[in-house]
Amino acid sequence: MVAGNWKMNTTVEEGLALARAVCAAVSGIDGVDVAVLPPFTHLWPIHSVLEGTGVRLGAQDVYWKDSGAFTGEISPPMLAGWCDLTLVGHSERRHIFGEHDDEVGRKFVASLAHGLQVIVAVGETSDERDAGSTFAVVDRQLDAVFAELESPPSNDDWVIAYEPVWAIGTGRTATPEQAQEVVAHIKQHVRARYLDGSPRVLYGGSVTAANAASLFAEPDIDGALVGGVSLRAEEFGVIVAAAAEARSGTRDRV
Ligand code: PGA
């Protein structure tokens, strides 16, 4: 899976043009689940652009209540039926907007309850990494989500994105080995909790056309959540092609 998180970028017009360019850049590439996550204002018009292209549509955040006096928020029922997925727990939500682990868990459950696939992002800050607490931090963030769940979601309904905070938008990508180590740990943690639970786990943080292939070559990395580069359709297309290539390479080995 390769998902492009546009963050707070593009006007509606620019977003429509970018969505068209992304569809063109990835057309003909098979075997990769591609999604774009534009700002809320763009979702409805972009939904029409994506129709029939195979590129899926996601929201960058969502609230956990269905409706009510929650000024500025967007609820899962507002997205359900035409928007495919939500992203919850992005580090910018956690660190700029002060979102807590339990709120992320509620958003996760609310998305699933309305039939939206959900990507939950987890990751440590550089201080946490330096203190040796990377695994403890991602475990805590995941456990807060699990605490809200009554039963394990089916594997296709959720995706985890491992995004070390120090690698996001900094140009300082985790090395493939660093990313692999934490992604493998996350998979183990999920399996320990949910026996056969095996959602896809993506890596995010300064993924580019130049480093994607080496990240995808790692055995446990199932794709990428791409920020800055997702605003450049052609380069985003190169990342999708690298994912397709890695996938067919895996098939050849099996
Ligand atoms: P970046 O962002 O690719 O610009 O580092 C990744 C993300 O925040 O999902």
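Guide: What follows is a close look at one strand, its partners and the cores. Please keep in mind that this is a predicted model, in which local features need pLDDT of at least 70 and side-chain atom pairs count only at pLDDT 80 or more, while totals for chains, interfaces and linings use all residues. Residues are numbered from 1 along each chain as its sequence is written, and side-chain values use heavy atoms, with hydrogens and water left out.

Strand β5 covers residues 117-122, a strand being a DSSP run of E with at least two residues, numbered from the N terminus. Because six of its six residues are buried, β5 is largely enclosed by the rest of the structure; buried means under 20% relative accessible area, with a 1.4 Å probe and protein chains only. Gln 117, Ile 119 and Ala 121 point one way from β5, whereas Val 118, Val 120 and Val 122 point the other way.

Strands pair if DSSP finds at least two bridges between them. Strand β4 (residues 85-88) runs parallel to β5 and is joined to it by four bridges, with Leu 87 standing opposite Ile 119. Strand β6 (residues 158-162) also pairs with β5 in the parallel sense, over five bridges, and there Tyr 162 is the bridge partner of Val 122.

A nonpolar core is a set of buried Ala, Val, Leu, Ile, Met, Phe, Trp, Tyr and Cys residues joined through side-chain atoms within 4.5 Å. The largest one has 63 residues, and those touching the most other members include Trp 158 and Ile 160. Apart from that core lies another, of twelve residues, among them Ala 121 and Leu 225.

Terms used:
Buried < 20%, exposed > 50% of the residue type's maximum accessible area, 1.4 Å probe, protein only.
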